[in-house]
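Open the structure in your viewer and keep the selection tool ready. This tour moves from stop to stop.

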Amino acid sequence: MEAGQFKERQYLLPVSFNLPALVFHTNNYDYAQNAFFSFDDIKDASQKFNEKNDDGSYGAMAFGPHWNSDFLYLIFKTAGVSYTVQNGKLVYSEGTFQSTVSSTNEWSELINGGVQNELDFAFKYLYMPFHDQLQSGRSLFAYASSDRLMSLPEDQLETLDFRWICNDGKIQIEDDAIMMGIYSASKNKAAAKKFLIWFMNEESQKKMLERKFAMKLRTQTFGIASGFSSIQSVNKNIFPFYYRHLMSNIPMSEYLKMPQTFISDWSYIKSKIILPFILASTEESAPQTKPLAELYDEYVAEKEASLR
């Protein structure tokens with residue numbers, strides 16, 4: 001609710017959200033004894049799982065933080081790196097960013113022998129969807145958000161399990177959390193309010209899920225508006241009936257941490273500017289990348305030019 005407030009007034013209501021998960025094959029429960037996975041848990045399991053070939057290359061690698069740009073983003077987000085636009089400029093906590101680059105590369109060096117080893121392993125073995133990667137037995141973990149994971153067909157989920165990624169007692173909610181409100185210039189605010197009241201109701205959301213599964217739309221979207229419901233009782237009482245893999249994995253509200261408030265085109269900025277910048281900043285042999293502020297200025301210039 002607080003995420004939808006501005007100057008102590010409630011403008012938006014939370015609708016749905018997704019969470020970061022680490023997925024593994026059911027043959028590997030020995031590496032998944034905890035209820036959650038922290039970054040330290042991933043490192044500990046990796047040291048036990050990794051195997052080298054006679055030539056020094058890795059024949060089995062549990063997990064590499066550089067395999068997935070969204071996972072890299074999660075590391076920086078967990079460290080407290082935030083991004084805001086002030087006076088038309090993209091501003092971020094550069095000191096925290098640089099220290100996180102160092103700690104992430106230390107992770108890769110200590111556990112997997114360096115960033116390049118992770119990228120070489122991914123190029124050689126991880127060219128298939130994450131659920132097939134885990135079936136091969138060469139990797140132990142794969143990263144996936146809850147909507148992507150729960151949208152898999154039942155036969156693919158059958159041999160998989162997962163843990164939420166939780167550090168310092170908090171699970172970072174994905175940036176694409178959905179909020180809902182009434183447009184200030186709406187011509188029929190009374191009807192809009194009735195819809196909000198109907199939508200934010202356990203019985204209504206139960207009927208939505210019933211209809212979706214009756215129409216066999218399970219793999220199209222996950223849950224309510226492609227995520228967990230903001231209504232706790234819906235997640236606790238209704239979701240496990242339709243998503244049996246959530247039976248013992250329903251997230252408790254006290255563990256959840258909402259993301260910061262973003263500008264309207266954040267999804268594009270994140271995918272086209274932030275993620276490539278993080279990846280380039282952590283790659284050992286990558287050429288010097290442009291400053292993030294300059295990359296954002298170029299994006300704004302292109303956007304303005306396209307509108308002329």
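Buried means under 20% relative accessible area, exposed means over 50%, and partly exposed lies in between (1.4 Å probe, protein chains only). The model is predicted: local features need pLDDT of at least 70, side-chain atom pairs count only at pLDDT 80 or more, and totals for chains, interfaces and linings use all residues. Residues are numbered from 1 along each chain as its sequence is written, and side-chain values use heavy atoms, with hydrogens and water left out.

**Salt bridges**

Select Arg244. Arg244 is partly exposed, at 44% relative accessible area. Its side chain meets that of Glu154 in a salt bridge (3.0 Å, N to O); the term means a side-chain nitrogen of Lys or Arg within 4 Å of a carboxyl oxygen of Asp or Glu. Glu154 lies in helix H7 (residues 154–157) and Arg244 in the loop between H10 and strand E14 (256–257), so the pair ties together parts that are 90 residues apart in sequence. Helices (H or I, at least four residues) and strands (E, at least two) are DSSP runs, numbered from the N terminus.

Glu158 sits in the loop between H7 and strand E10 (160–164), 86 residues from Arg244. Glu158 is partly exposed, at 46%.

Next, pick Asp265 and Lys303. Their closest N and O atoms are 3.0 Å apart, in a salt bridge. Which of the two is buried, and which is partly exposed? Asp265 is buried, with a relative accessible area of 19%. Lys303 is partly exposed, at 39%.

Then select Lys77, Asp175 and Lys270, which are linked in a network of salt bridges.

**The largest pocket**

Stay on Asp175. The largest pocket holds about 760 Å³ of space. Of its 37 lining residues, the closest to its centre are Glu174, Asp175, Asp176, Ala177 and Phe262. A pocket here is an open set of points on a 1 Å grid over the protein atoms alone, where a 1.4 Å probe fits, with protein on both sides within 12 Å along at least five of seven lines; lining residues have an atom within 4 Å of a point. A volume is the space filled by probe spheres set on the points, which are joined across faces, edges and corners. Colour H11: this helix gives the most to the lining, with five residues.

**The second largest pocket**

Finish at Met1, Phe17, Ser230, Ser253 and Leu256. These lie nearest the centre of the second largest pocket, which is lined by 27 residues. Its volume is about 560 Å³. E3 supplies the largest share of this lining, five residues.
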